[in-house]
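Good morning, and thank you for joining.

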Amino acid sequence: MTSIHLKYLAVNPVDLEWGLAVNSVGRQDIEAGSPYPPANHPTRYLFSPDRGRVLNEYQLLYITSGRGTFSCDTLGRDRKLQVNAGSMIILFPGEWHNYRPDEETGWTEYWIGFKGSQADTLVANGFFSKNRPVLEVSFHEDILDTYSRAISIAETQKSGFQQALSGIVSSLLGSAYYHSRNRSFMLSNTDRMIAKAKMLVSEQLYTIDPKDLADQLFISYSSFRRTFKEYTGFSPAKYILNLKIDQAKELLTNSSAEIKEIAYKLGFENTDYFFTVFKRITDQTPLAYRNETQGKKW
């Protein structure tokens with residue numbers, strides 16, 4: 001039997017000052033062959049699959065069973081993206097969209113609707129885009145539990161419930177970003193390559209060179225650099241450099257080795273270059289860092 005469980009939530013100006021506020025949260029079970037949207041779908045969010053709709057908020061939907069299709073203005077109204085169990089759909093304010101379950105399978109959907117400056121910032125900084133509204137995250141029990149917890153909080157609406165729900169939205173967005181990125185990397189075996197690269201860096205930190213690292217992985221340096229930066233956020237050279245500085249911090253704090261010895265051990269060309277890099281990354285000279293972490297008086 002088709003069913004819907006939802007809560008509408010009041011949002012006041014103070015809630016929006018927090019950065020995120022939730023308008024609605026719920027779940028909907030659509031049986032195979034059932035009409036969509038169901039007759040008991042809330043009029044506030046009602047839309048016709050033949051016409052689509054536009055919302056003034058973000059929504060994050062999680063499909064946990066079944067399959068269907070999704071379309072939006074940005075990608076073209078006639079283009080239908082496949083939606084499967086384990087897909088997350090991001091709806092953007094002001095963006096025409098349309099979606100529906102397959103009549104043969106129906107689907108179960110969880111959703112949470114929200115707005116606020118935190119969400120706007122994530123979109124502005126490119127973490128989420130109208131060009132990629134469907135994210136493949138697979139099925140994760142913790143995500144399902146997070147939606148269920150949001151519904152439970154919305155039902156009681158105790159003092160501060162909006163702030164608690166905003167944390168849940170942040171958690172769901174983080175999970176969507178994390179799982180979708182890593183799923184795509186897993187499908188291309190990128191995660192295995194990066195894991196091996198990190199292992200090689202750890203084993204050869206004092207002598208490793210980014211281009212030698214690419215050679216050991218049997219991949220061109222330009223391709224390796226691009227993939228490594230996309231995965232980690234660092235170029236290989238910067239990643240290695242930061243690890244060396246972390247090791248330098250450890251040696252400065254927990255050894256009596258002279259600074260020039262530490263620079264030589266870590267493979268820096270000379271002490272001056274080590275000083276320059278260390279200060280650029282830590283905003284302190286090696287000596288100042290040693291004195292501070294060893295509790296020495298000036």
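Let me begin with a term: a residue counts as buried under 20% relative accessible area, as exposed over 50%, and as partly exposed in between. By that scale Arg77, at 43% relative accessibility, is partly exposed. Please keep in mind that this is a predicted model.

Side chains of opposite charge can pair when their charged atoms come close. How many salt bridges does a search of the whole structure find? The search finds four.

I shall start with Arg77. Its salt-bridge partner is Asp73, and the closest N and O atoms of the two are 2.8 Å apart. Asp73 is also partly exposed, since its relative accessible area is 37%.

A further salt bridge joins the side chains of Arg27 and Asp29, with 2.4 Å from N to O.

I turn next to Arg67 and Asp102, which form a salt bridge whose closest N and O atoms are 3.3 Å apart. Arg67 belongs to strand β3, residues 58–72, while Asp102 sits in the loop between β6 (97–101) and β7 (107–115), so this pair ties together parts that are 35 residues apart in sequence. Arg67 is partly exposed at 30% relative accessibility, and Asp102 is partly exposed with a relative accessible area of 26%.

Definitions and conventions: Residues are numbered from 1 along each chain as its sequence is written. This is a predicted model: local features need pLDDT of at least 70, side-chain atom pairs count only at pLDDT 80 or more; totals for chains, interfaces and linings use all residues. Side-chain values use heavy atoms; hydrogens and water are left out. Helices (H or I, at least four residues) and strands (E, at least two) are DSSP runs, numbered from the N terminus. Buried means under 20% relative accessible area, exposed over 50%, partly exposed in between (1.4 Å probe, protein chains only).
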